[in-house]
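Subject: Structure for your review

Dear colleague,

Please find below the structure that I am handing over to you. My findings follow it.

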Amino acid sequence: MGKFNRYLITAALPYANGPVHIGHLAGCYIPADIYVRYLRAKKADVKFVGGTDEHGVPITIKAMKEGVTPQDIVDKYHKIIHDSFTDMGISFDIFSRTTKQIHHETSAAFFKTMYDKGLFEEKVTEQFFDETAGVFLADRYITGTCPKCGNPNAYGDQCEKCGSSLSPDELINPRSTLSNAVPVKKQTKHWYMPLQNYEPFLKEWLLEGHKEWKNNVYGQCKSWLDSGLQSRAMTRDSNWGIKVPLPDAEGKVLYVWFDAPIGYISATKELTENWADYWCKDDTKLVHFIGKDNIVFHCIIFPAMLKAHGGFVLPDNVPANEFLNIEGDKVSTSRNWAVWVHDYVKDFPDQQDVLRYVLTSTAPETKDNDFTWKDFQQRNNSELVDIFSNFVHRTMVLMHKLCGGKVPAFHPEVKDEKDDAVLTNLLASKQKIEESIENFRLREALAEVIEVSRQGNRYLQEKEPWILAKNAEENQKLIDNCLHLCLQLTANLAILANPFLPFTAKKICHMLKVVDRMLDWENAGSLKLVSVGYSLRPPEYLFTKIDDAKIQEQIDKLHAGLIKPAAPAADAAAPAAKEVKEEIQFEDFAKLDLRVGTILEAEKVPKADKLLKLLVDIGSEKRTVVSGIAAHFAPEEVVGKQVTLVANLAPRKMRGIESQGMILMAENAAGKLVFVNPDAAVDAGSEVR
């Protein structure tokens with residue numbers, strides 16, 4: 001850490017079109033806050049910058065759905081998001097907005113500098129246009145069927161089901177989200193950044209210069225660069241956003257992913273008149289905390305923009321996390337499959353640190369991970385309550401009971417190797433925590449904090465001061481030594497836990513009657529944090545057990561709020577029917593043995609997003625059939641359904657499973673698969689002819 005004189009830490013700007021959920025917290029906000037709190041404890045010069053991204057298509061779509069203006073939407077959700085972060089202790093130095101005048105001016109000036117240097121390509125291209133609404137359609141205004149996974153509601157830039165990056169041209173049966181009309185192509189002019197010109201710089205700076213980055217980040221960047229970069233439009237046709245600062249650009253705004261990262265710069269300008277120290281001096285360490293869906297923008301596009309503009313530092317690290325699923329399913333705001341932060345703080349008052357702990361201990365640092373309410377309960381009850389809180393509470397209770405409520409003296413003449421090991425182990429843990437945080441291994445760092453409290457419990461158990469107290473006259477010095485060290489260890493736990501559990505650290509400081517400056521990192525490892533003879537406050541429980549009823553309430557709430565996808569509009573434009581295949585003879589058709597089957601069992605095929613393994617009853621026997629319908633149906637949805645099976649199709653192996661037949665499906669206008677089945681129940685095995 002010594003080579004940097006200041007730190008600038010950013011956390012991704014969330015779209016102000018909805019509240020934040022726990023996936024957002026786990027992805028970047030809690031990790032960023034832990035890192036920043038650690039730096040502050042080290043007395044580093046650090047600024048923590050955040051805000052809401054208030055331009056772009058998601059904002060305008062939300063406004064149209066609610067029948068209000070885009071400004072109404074961003075005003076509403078900026079407050080909700082800001083309050084959620086504040087409630088969870090995310091300690092931004094500034095939480096700004098991209099609709100502020102300072103951001104508009106900063107972004108427009110950034111674009112104009114690049115334009116004046118001749119760094120854009122001006123192109124007239126054909127873009128999708130909605131003739132009914134009379135507007136050009138940004139990628140997110142277009143939905144259709146994903147060509148990769150069959151999701152019928154993929155966007156023109158990304159499929160949120162499988163995560164694939166897309167273009168509107170790739171969608172099957174594209175349609176406008178504004179009118180449901182089939183879009184047409186129309187000419188329009190935009191300014192493109194030729195990213196391919198920056199490939200040599202990016203390969204040297206990133207691939208050669210930052211091999212220490214997390215594998216998931218480095219690997220995704222390498223894949224993009226190996227595939228070759230292309231020119232990307234930095235403007236859009238819209239009336240909502242930052243106007244392109246050129247005379248011939250009426251109705252054009254800056255691409256949201258051009259202006260959004262500049263929001264970090266404008267927010268720093270708003271925060272301090274010395275903003276340039278944090279953005280333009282080489283001895284600044286810039287770190288972007290983001291989720292994996294933002295890697296390409298923060299590691300390739302924004303650095304290329306900074307390099308092209310000139311005069312700015314480049315990110316030293318981008319420790320992106322993967323996605324956090326909930327109860328085995330991907331977070332989906334459209335389906336309301338999420339745990340919302342503002343709901344959590346209402347349902348679990350004064351328990352912010354429980355969520356911070358669970359989301360850090362299960363953080364998706366290198367791969368997608370899963371949040372479950374049962375795991376939340378288990379980690380709270382068995383780790384925070386039984387280990388961490390148990391040690392602190394036992395220490396405080398025993399100190400009041402056996403030492404008169406005052407910090408006892410330490411008597412070197414009766415110390416033993418177990419007493420000496422307390423300091424040795426503490427210093428080793430401090431070093432491990434430092435190394436883990438500085439290398440963005442926050443799960444590992446938090447586990448070591450819990451290990452310190454576990455060691456404290458073990459030490460207490462070995463010393464047994466309650467047993468020694470049966471002969472207090474003889475053993476008081478031994479009792480004093482034990483509880484003196486346990487109190488010093490408690491104070492150390494406050495310091496070590498503070499980046500992760502700031503509300504808990506303050507509670508410990510309150511009980512020990514010490515000031516917040518004790519939480520400075522330099523004090524960790526000291527055994528002189530609480531003064532001998534000092535009266536301490538009564539013990540408090542830092543954490544309490546969460547019962548099964550409370551957890552079931554949350555599980556029920558999650559499932560009750562789930563919104564099932566709406567059926568396609570009845571008047572949706574039907575796609576052109578495919579041409580009929582070449583003619584066959586009756587004898588060809590007669591070779592097919594079609595039977596009605598009943599699905600008895602269904603399960604997902606491991607490592608195959610599209611496949612379900614089915615057990616189908618066809619009357620005379622039960623067959624295993626592997627079917628590519630997992631993108632359209634959950635296993636539990638298909639059990640009991642009657643289907644039409646090609647019964648005499650030669651078996652074939654799929655993912656190591658022998659499939660004994662094929663289920664017939666029809667595809668509707670939205671690309672959704674539908675079972676071909678009888679309109680009334682018939683016996684399994686009935687022939688179809």
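In the classes used here, Ala, Val, Leu, Ile, Met, Phe, Trp, Tyr, Cys and Pro count as nonpolar, Asp, Glu, Lys and Arg as charged, and the others, Gly among them, as polar. By these classes, the lining of the second largest pocket divides into 9 nonpolar, 4 polar and 1 charged residues. Please note that the model is a predicted one.

The second largest pocket holds about 320 Å³ of space. It is lined by 14 residues, of which Val 135, Phe 136, Asp 237, Ser 238 and Asn 239 are the closest to its centre. Two elements, α2 (57–66) and β5 (135–136), each give two or more residues to this lining. The largest share comes from α2, with 3 residues.

I also examined a pair of helices. Helix α16 spans residues 472–497 and helix α17 residues 502–512; their axes come within 8 Å and cross at roughly 150°. Angles over 145 degrees count as roughly antiparallel, and α16 and α17 are therefore roughly antiparallel to each other. Their crossing is left-handed. On the α16 side, the contact is made by Leu 487, Thr 490, Ala 491, Ala 494 and Ala 497, and on the α17 side by Pro 502, Ala 505, Ile 508 and Leu 512. Sorted by class, this contact of α16 with α17 comprises 8 nonpolar residues and 1 polar residue, with no charged residues.

Yours sincerely

Definitions and conventions. Residues numbered from 1 in each chain as written. Predicted model: local features only at pLDDT ≥ 70, side-chain atom pairs only at ≥ 80, totals over all residues. Heavy atoms only, no water. Axes fitted to C-alpha atoms, helices over the stretch in contact; angles between N-to-C directions. Helix = DSSP H or I, 4+ residues; strand = E, 2+ residues; numbered from the N terminus. Parallel < 35°, antiparallel > 145°, perpendicular 65-115°, else oblique. Left-handed = near helix turned anticlockwise from the far one by under 90°. Contact = heavy atoms within 4.5 Å. 1 Å grid on protein atoms, 1.4 Å probe; cavity = no way out; pocket = protein on both sides within 12 Å on 5 of 7 lines; lining within 4 Å. Points joined across faces, edges and corners; volume = space filled by probe spheres on them.
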